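Could you walk me through this structure, starting from a strand in its interior and working outwards from there?

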Amino acid sequence: MQKHFYIFLLVFPAFISCETQEKESSQLGGTKKASTIKLEKLDSVQIDLLGVPVIHDIDPKTETILFTNDSPNSEDIQVADFVGHIHASFSKLGDIPDGYGGLMSPLRIDSDSSFIAYGYNGFLRYDFDENLLSKVKHKDFEYYSFSNKTMGFGMEQLGNRYIYYNQGSRKVDYSSLESYQEMTLMNWLNPETGEKEPFITFPEESLFKNGEHFFRYSWAPAYTSTDDRIYIVFGIEPVIYEYASQPPYALISSIPIELPNYRYFKGGDLKSASNFMGLFLTTGKISNIKKINDLFLVAYFPGYDAQDREISESNKTPEEAKLFRERMAKKYSQHIAIFDSLGNRLNDFIPNGLRANSMLMRDGQIWMQEKPDPDVEKDYFTIYKVGLKYGD
């Protein structure tokens, strides 16, 4: 069964072999020691669609794919299968009786026939034929200025609740050093009651408690979870923090990770704050992590070197700025690094044709989105199931 999957993988100069070979290959299982651990494509789903879709969720058990084909005035929800057939297409965006108002997270499949939308209007459940099954309004809601509907960056389920990053509050002065002491980074979301519970603050040893200022959302967490652990990287900071998933959410360990040529912002004073927003595009940043047994897969952007960062801050005409961005997009790629449980780096590479930060783990499998070629227009997109391959 042919299946193409749309992947955003981040990796460094240790190439990723994506050919199917008859060697020993683990589909995300096992942690046997080998001289090299790579990624390989195991399966794919190809769906006929013109444009660049946003993949929200995948359910390998029912072979269901949930994605949207976004445009400035619409957000059509598409339900497809692993053969590539689109079974339903509908919109719930905007001010309609059964609409979510606006999404604050990627849609999440929550059963073999339904999905949940975390939106401005609350937690809404729909079946795959667009019927509204339930609606629970927020107990405490305010509009957020930051949301990320990227594949692999959505709510993670633990029990009957979901963990999600804290999207911020207009009541917090993020320009003050005090905010780094009090800020909560994660939320528990309860779709049955509409309640949210903030939890987890920066550890004392965190980069964000070094007395410097940082640009907004430089700490946007990348996270993954198991039954009893939550693993978090705070944006630009190259450390994996391990927490208990039960109150009081104790910090169990911190694992520094060394990323090759990783150039990240270490803080500054308010006098340089005018340049902070440019750093959002130029600094090194970790965008996704997944844990497979005792291995961590870390997707990251290495960041511009000093010369390119200086050029990025200089005045340019619109045409010069466009050409500069295109050059930088070709020069700096997203990477994936693989670490053991102690933080030893086992490999680092740029994934071949995959979006490094799109790693989505479902039912013990990792799926990724194809990285589109900006110079080639296709009338289809592909999503891939990937696995770990051990070799020399």
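**A tour from strand β16**

Let's begin with β16: five of its six residues are buried, so the rest of the structure largely encloses this strand. Keep in mind that this is a predicted model.

Now for the partners of β16. Strand β15 (residues 221-225) is joined to β16 by five bridges, and the two run antiparallel. They make a hairpin with three residues between them. If you want a spot to look at, find Y223, which stands opposite I232 in β16. β16 also pairs with β17, again in the antiparallel sense, over four bridges. Here I232 stands opposite Y241 in β17. So what happens at the turn of that hairpin? β16 and β17 have four residues between them, and G235 takes a positive phi near 55°.

Next, the aromatic rings. How many aromatic pairs does a search of the whole structure find? It finds 31. One of them is W188 with Y249, a tilted pair at 6.3 Å centre to centre with 40° between the planes. W188 lies in strand β13 (residues 184-190) and Y249 in the loop between β17 (239-244) and β18 (251-256), so this pair ties together parts that are 61 residues apart in sequence.

A second pair brings us back to β16. The rings of Y231 and F296 have centres 5.4 Å apart and planes at 70°, so they meet edge-to-face. Y231 lies in β16 (residues 229-234) and F296 in strand β20 (residues 295-301), so parts 65 residues apart in sequence are tied together by this pair. Y231 is buried, with a relative accessible area of 6%, and F296 counts as buried at 1%.

There is also an aromatic cluster to pick out. Its members include Y174, Y180, F202, W219, F234, Y241 and F280.

F324 takes us to helix α4 (residues 318-331). At 1.5 Å a residue, its 14 residues should span 20 Å, and the end C-alpha atoms are 20 Å apart, which agrees. Which residues of α4 are buried? They are A321, F324 and M328. These three cover an arc of only 65° around the axis, which puts them on the same side of α4. What covers the buried residues includes α3 (306-312). On the face turned away from the buried side you'll find the exposed residues A329 and K330.

Last stop, an open sheet. Four strands form it in the order β7-β8-β9-β10, with antiparallel pairing. Its edge strands are β7 (108-109) and β10 (132-136), each pairing on one side only. β7 pairs with strand β8 (residues 114-119) in the antiparallel sense over two bridges. In this part of the sheet, R108 stands opposite I116 in β8.

Methods:
Residues numbered from 1 in each chain as written. Predicted model: local features only at pLDDT ≥ 70, side-chain atom pairs only at ≥ 80, totals over all residues. Heavy atoms only, no water. Pairing = 2+ DSSP bridges. Phe/Tyr/Trp six-rings, centres within 6.5 Å; stacked < 30°, edge-to-face > 60°. Buried < 20%, exposed > 50% of the residue type's maximum accessible area, 1.4 Å probe, protein only. Expected span 1.5 Å × (residues − 1). Arc of directions from axis to C-beta. Contact = heavy atoms within 4.5 Å.
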